[in-house]
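Here are my notes on this model, as numbered points. Please read them with the structure open.

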Amino acid sequence: MRLFALTALVMIAFASNSVLNRMAVHDAGWGPAETGFVRLSSGALVLLALAIRAKGTAGLRMPPAILGTGVATLSLYIFGFSIASGLIDAGVGALTLFGMVQITMFAGALWMREPISLWRWIGAGLAFAGLAVLLLPASGGADIDPRGFGLMALGGVGWGLYSLNGRRVGIPLTATALNFALAAPLALIWMLGVGDWGQGASWGWWPAILSGAVTSGLGYALWYRVLPQIPASLAAIAQLSVPLLAALGGAVLLAEIPSARFWLSAALVIGGIALSLRRKA
């Protein structure tokens, strides 16, 4: 029960990222670059403190090629995710991000010539179809902003590539801490370059900091602690709950009620990913 509770807590943290960033960028009116910088810098402080406590300062080492790829792909994720958070609902954003991460990792498996089962082909196709449903013209409600969808999809590609790069990392907590710390100055340059600071309501600080220090920093640290204790298939299945939790959080905290089209898309995306986890007899 303790392991189940910790896993559920991590999934809630991951889903909360979509809600908190939506609150900062859309509701509080913060700039996406400013939100991304605060999230990365606050997350870096927490993750570096945890990494140093675990391994000491001597443990903060990583091969330059792996580190450089990690920083670049993390920055791509933050760029797309932060801007898109102001354009589409939290639930739709989480579903788009989640679906594109899985599709990107599927493409990465093809690129690396990993054996792909029939179920994984079918699952990837259903997940792609589910994302396409989100862009269909709405009959009664508002259409989804194609810019927001495209940018969130770009963020999903960035996180998918970040996850693929993470397979080469021996100590994920240290790698994540260094990636956050080195991506933060890039976000600062982005913020200064576009003049994206000092706008919006003052209360936007707290969702931006919570997203970095708590749901990202502590969330990832807890995930890396739980992950070795559960089967890989269970870890993948647990993450299927993230878009649904984000939609629930958006409905409760932001009054963003998911449409019927969202639930159809969610059924296709989540069902497709669940099928891709099926093993041959």
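1. Overall content. The model is predicted. Over residues 6–135 the chain is 82% helix and 0% strand.

2. Annotation. An unreviewed UniProt entry carries "domain: EamA" for residues 6–135 and 148–277. According to that record, then, the annotation covers two stretches of the chain.

3. Position of S82. This serine belongs to helix α3, which runs over residues 64–84. Is S82 buried or exposed? S82 counts as buried, because its relative accessibility is 0% and the cut-off for buried is under 20%.

4. Surroundings of S82. Which residues touch S82, once neighbours within four places in sequence are set aside? They are V25, P32, G36 and W190. T35 is also worth a look: 47 residues separate T35 from S82 in sequence, but their C-alpha atoms are 7.0 Å apart.

5. Helix α6. This helix spans residues 146–166, 21 residues in total. From first to last C-alpha, α6 reaches 30 Å, close to the 30 Å expected at 1.5 Å a residue. At its start, a side-chain oxygen of D145 comes to within 2.8 Å of the backbone nitrogen of R147.

6. Helix α7. Residues 172–194 form this helix of 23 residues. α7 reaches 32 Å between its first and last C-alpha, close to the expected 33 Å. G195 follows α7, and its phi is positive, near 65°.

Methods:
Residues numbered from 1 in each chain as written. Predicted model: local features only at pLDDT ≥ 70, side-chain atom pairs only at ≥ 80, totals over all residues. Heavy atoms only, no water. Helix = DSSP H or I, 4+ residues; strand = E, 2+ residues; numbered from the N terminus. Buried < 20%, exposed > 50% of the residue type's maximum accessible area, 1.4 Å probe, protein only. Contact = heavy atoms within 4.5 Å. UniProt positions renumbered as here; feature names shortened; annotations may be inferred. Expected span 1.5 Å × (residues − 1). Polar contact = N/O pair within 3.5 Å; in protein donor to acceptor, adjacent residues only side chain to side chain.
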